[in-house]
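Here is a short briefing on the model shown below. Keep the sequence at hand while reading.

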Amino acid sequence: MNDSGHGFRPVQRLFDLANAVRAAPDLPREALAELLALHGEDARDLTESAFSARDADELRTAVVRITGVLTETEPDRAADELNSLLAAHAGPPRLSRHDGHPWHLHVDRGDDADWADWVLAAGALALAQVLTEHGRITWGECASARCATLYPGTGPGSAQRYCSATCASRERVAAHRRRAKG
């Protein structure tokens, strides 16, 4: 499984998977494969024999599990859960270079790790890097009452509350209207 390459963004991949599975808990294998392909996975790794219906079921379950970290607001609890995921699903860190990609860090249990272990190990590592880099949780769930989108956050600066400028603007307009009616 490729976790490098042009535009490789493991945090964004994790959030895209989480939002897709939250929106459609029974997201078909084919849709998961398309999403993984958008994030640089090789088509040979996404054939029905390499990424089976059972793999898709296990991947959806893994995504639901790590979504608990994506909705966590307390850094210590997030760190504890990330440590648990790494202990349960990661192997020793190793540098890998494959499929023409530059050297990058893997913590999965090897090139033959199953999809669920891979997403849990790689996702936990990516979130752990964000938490240690910024010293706080930068990710979250949109604060808009009409949206439940998970977002990765922007890092330094004020904490982000909304997944997009659209949701933030919609909430500001709604608050203004409530005050005007007042």
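Which residues are buried in α3? In this predicted model, they are Asp55, Ala56, Leu59, Arg60, Ala62, Val63, Ile66, Thr67, Val69 and Leu70.

**Helix α3**
- Helix α3 runs over residues 53–70 and has 18 residues.
- At 1.5 Å a residue it should span 26 Å, and its end C-alpha atoms are 25 Å apart, which agrees.
- The cover over its buried residues includes helices α1 (10–23), α2 (29–38), α4 and α5 (115–134).
- Strands β3 (140–141) and β4 (150–151) are also among the covering elements.

**Cysteines**
- The structure holds 0 disulfides.
- The sulfur of cysteine 163 has its closest cysteine sulfur in cysteine 147, at 3.7 Å, which is too far for a bond; the cut-off is 2.5 Å.
- Cysteine 167 is in no disulfide either, as its nearest cysteine sulfur, that of cysteine 163, is 3.8 Å away.
- Cysteine 163 is partly exposed at 25% relative accessibility, whereas cysteine 167 is buried at 4%.

**Salt bridges**
- The count comes to 8 salt bridges, and three of them follow, including the pair of glutamate 141 and arginine 22.
- Glutamate 141 and arginine 22 have their closest N and O atoms 2.8 Å apart.
- This pair links distant parts of the chain: glutamate 141 sits in strand β3 and arginine 22 in helix α1, 119 residues apart.
- Glutamate 141 is partly exposed, with a relative accessible area of 34%; arginine 22 is partly exposed, also at 34%.
- Arginine 94 and aspartate 108 meet at 2.5 Å, N to O.
- Arginine 94 lies in strand β1 and aspartate 108 in the loop between β2 and α5, so this bridge ties together parts 14 residues apart in sequence.
- Arginine 94 is partly exposed at 24%, but aspartate 108 is buried at 6%.
- Arginine 77 pairs with glutamate 72, with the closest N and O atoms 3.2 Å apart.
- Arginine 77 is partly exposed at 48%, while glutamate 72 is buried at 17%.

**Surface patch**
- Leu95, Trp103 and Leu105 make a nonpolar surface patch of about 340 Å².
- Tryptophan 103 is in the loop between β1 (94–96) and β2 (104–106).
- Tryptophan 103 is exposed, with a relative accessible area of 52%; the cut-off for exposed is over 50%.

**Serine 84**
- Serine 84 is in helix α4 (residues 75–89) and is partly exposed at 37% relative accessibility.
- Serine 84 and histidine 106 are 22 residues apart in sequence and 17 Å apart in space, C-alpha to C-alpha.

How values were computed. Residues are numbered from 1 along each chain as its sequence is written. This is a predicted model: local features need pLDDT of at least 70, side-chain atom pairs count only at pLDDT 80 or more; totals for chains, interfaces and linings use all residues. Side-chain values use heavy atoms; hydrogens and water are left out. Helices (H or I, at least four residues) and strands (E, at least two) are DSSP runs, numbered from the N terminus. Buried means under 20% relative accessible area, exposed over 50%, partly exposed in between (1.4 Å probe, protein chains only). The expected span of a helix is 1.5 Å times one less than its number of residues. Contact means heavy atoms within 4.5 Å. Patches are made of residues with over 30% relative accessible area and no salt bridge: like charges are joined within 9 Å, nonpolar side chains (Val, Leu, Ile, Met, Phe, Trp, Tyr) within 5 Å. Accessible areas come from the Shrake-Rupley method with a 1.4 Å probe; for residues, only the protein chains shown count as cover. A salt bridge is a side-chain nitrogen of Lys or Arg within 4 Å of a carboxyl oxygen of Asp or Glu.
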